[in-house]
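Let's bring the model up on the screen and walk through it together.

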Amino acid sequence: MKVVHINRGDAGGGASVAALRIHRSLLRAGVDSHILVQEQKRNEKNEHAAGSGFWYEMRCFWRFALERLLFLPNEKEKALRFAFSPANTGQSLVNNPVVQEADIIHLHWINQGFLSLDGLDELFKLGKPIVWTLHDMWPFTGGCHYAGNCLEFNERCGFCPLLKKPSATDASAKIYLRKKDLFKGVNISIVTCSKWLGSLASSSSLMRNMPVMSIPNPIDTNYYTILDRVQCRKDLGLPLNKSLLLFGAANILDARKGYRYLYEALTILNDSFPSIAHNIELVVFGKLNDDTRDLFPFKTHTMQFVSDPMTLVKLYNACNMFILPSLQDNLPNTVVECLSCGTPVVGFRIGGVPEMIEHNRTGFLAEVKNSLSLANGINSVLFMNNPEQRQIVRDFAVKRYNEKLIAHRYIEVYETAMKRRGGRRVREEE
């Protein structure tokens, strides 16, 4: 059984990390697994780039730019530019040798000019079983990656709140109808990283008749493990005698990441808990400008983007907790990584987060958009700071996210998909 994973890149985002980890876990389980990407920055075993060279990179850029340009008349505001993907441009992968040789096509995150809806249609028509691991809501919506409070995808998209002129026939309605036609007769198995996303997929009109199962992303628990906290702080140049709070995201100022609530919670903590506030400092990794950093009420250490995995492991171990104030999220890799390193997590009770945190045992689940609750959670978790508690946190992660367990579950998905009738039923007019 030969599997090809298809993802836009191999680095630079949660889906890329997750896709690579699934690929690696399957390789270690003896599966003939391959991964095909548009942007290759690593040199993984059985990794393939969909193209190479200057002109290929230029075509990729122009496909991405053209998608954004064509969407511009529908753009409501710049802040929401990448919250909606029309998938109207992309490259063809059907003649790629690794796709041709595969028994199973395993899709991951394919947006921003990598695969268009037409490109997906071509893959479906190959007649091979399709497994699609959803890293957000896009595959079952009319174009948004996270729907927020909108539930139109349960019946039929339209009146999209992310578009400039919502209507019954807006871009989301047209993309929805295209996907509905696209999915007809396809042997497709849906996997979600969280039960939360699985419940949304199962309730959606596009996927409610498809097999949907939830399998969390795996992690190498031997690599993400407990290290000496003092030594990690020395290696990273962080203070040895402070309580360090960790916060990070690809774009920290993304409203969905809840920066506002973190700021308010830290302000409450500083004003209401003076006896502990003097001993607290903040560590931030990701995109953050100096002006924003200086707004925090605590001294802030900025790590920028952390690309080296071992530096990230040391960072998790160096800090007393990780704070996740996201307002909508699936199954964040950062949370799994932190827990595997024995570091508790404080987050809102949203998305897949309640599946990852045992309240008052491996962290704290705060009430959604409640800065006071988030501040109380931070205060509570500060006392989870002993070797026994760290081991409890790690054991929780090892039990749920180890590679062998996850690989075995994916193998079962593949075997079931292979037994079902394959193929895309070609429409009569074709």
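The lining of the largest cavity divides into six nonpolar, four polar and one charged residue. This is a predicted model, by the way, so please keep that in mind as we go.

Now over to the pockets. How much space lies in the second largest pocket? About 250 Å³. Its lining is made up of 14 residues, and Gln38, Glu39, Tyr56, Glu57 and Cys60 are the ones that lie nearest the centre. By class, that lining has five nonpolar, six polar and three charged residues. Strand β2, residues 32-39, and helix α2 each supply at least two of the lining residues. The largest share comes from α2, with five residues.

While we're on α2, let me stop at one more residue. Helix α2 covers residues 54-71, and glutamate 67 is found in it. Is glutamate 67 buried or exposed? Its relative accessible area is 1%, and the cut-off for buried is under 20%, so glutamate 67 counts as buried. What is it in contact with, leaving aside neighbours within four places in sequence? Glutamate 67 contacts Pro86, Ala87, Asn88 and Thr89, and also Gln112 and Gly113.

That's my tour, and I'm happy to take questions.

Key
Residues are numbered from 1 along each chain as its sequence is written. This is a predicted model: local features need pLDDT of at least 70, side-chain atom pairs count only at pLDDT 80 or more; totals for chains, interfaces and linings use all residues. Side-chain values use heavy atoms; hydrogens and water are left out. Helices (H or I, at least four residues) and strands (E, at least two) are DSSP runs, numbered from the N terminus. Buried means under 20% relative accessible area, exposed over 50%, partly exposed in between (1.4 Å probe, protein chains only). Contact means heavy atoms within 4.5 Å. Ala, Val, Leu, Ile, Met, Phe, Trp, Tyr, Cys and Pro count as nonpolar, Asp, Glu, Lys and Arg as charged, and the others, Gly among them, as polar. On a 1 Å grid over the protein atoms alone, a cavity is a set of points where a 1.4 Å probe fits but cannot get out, and a pocket is an open set with protein on both sides within 12 Å along at least five of seven lines; lining residues have an atom within 4 Å of a point. Grid points are joined across faces, edges and corners, and a volume is the space filled by probe spheres set on the points.
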